[in-house]
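Hello,

Please find the structure below, with notes on what was found in it.

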Amino acid sequence: MDQNTRNPKSAPRLDVHFSSATDNWETPLWLFESLDRELGFTLDPCADHRNAKCKRYFSIDENGLAQSLAIETVFMNPPYGRNIGRWVRKAFESTKDGARVVCLIPARTDTKWWHDYVMRGEVRLYRGRLRFGDAKSAAPFPSAAVVFRASSFRLQAFEGRLESQ
């Protein structure tokens, strides 16, 4: 065997880093609490009784994709599988009905859904890799929180003078 040929049995296995063994990643509590203090969440549309972060939540049987998010302040940690783009689109489109939605998602900047929707929100990137739930190690991907706000929300600069008190 020449030096450029590798024995497949001795080659390191890297496929664990790209595993889709699960698409359910429980939100780190510190991260949720930080965002909740800022925004005051009322709904978690991607949860079950074990990992719900809000009193009001939709389980997989209730199908959050089919539910209205109108006028809610939503925390969404969607399933990270093939339907993640549908969840991100749902978050973005729900702002037209007055919702404010925060999505905790993998930072997959090379995807269509990232460019179609995420780039239209407020993107918060996290340094390093998050540790989800009771996992022994960090996630195999970087994460981002994306804030989608109702279209009527606009940050404006104050151009007047402030009076001293």
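From the N terminus on, the elements run α-β-α-β-α-β-β, which comes to 3 helices and 4 strands. Helices (H or I, at least four residues) and strands (E, at least two) are DSSP runs, numbered from the N terminus. This is a predicted model, in which local features need pLDDT of at least 70 and side-chain atom pairs count only at pLDDT 80 or more, while totals for chains, interfaces and linings use all residues. Residues are numbered from 1 along each chain as its sequence is written, and side-chain values use heavy atoms, with hydrogens and water left out.

Of the 165 residues in the chain, 38% are buried (under 20% relative accessible area, with exposed meaning over 50% and partly exposed in between; 1.4 Å probe, protein chains only).

Helix 1 (29-39) has L31, F32, L35 and L39 as its buried residues. They lie on the same side of helix 1, because they cover an arc of only 95° around the axis (taken from the directions from the helix axis to the C-beta atoms). The face turned away from that side carries the exposed residues W30 and R37. The buried residues of helix 1 pack against strand 1, strand 2, strand 3 (122-125) and strand 4. Just after helix 1, G40 takes a positive phi of about 65°.

M76 touches, among others, P45, W87 and V102, not counting residues up to four places away in sequence (contact means heavy atoms within 4.5 Å).

Regards
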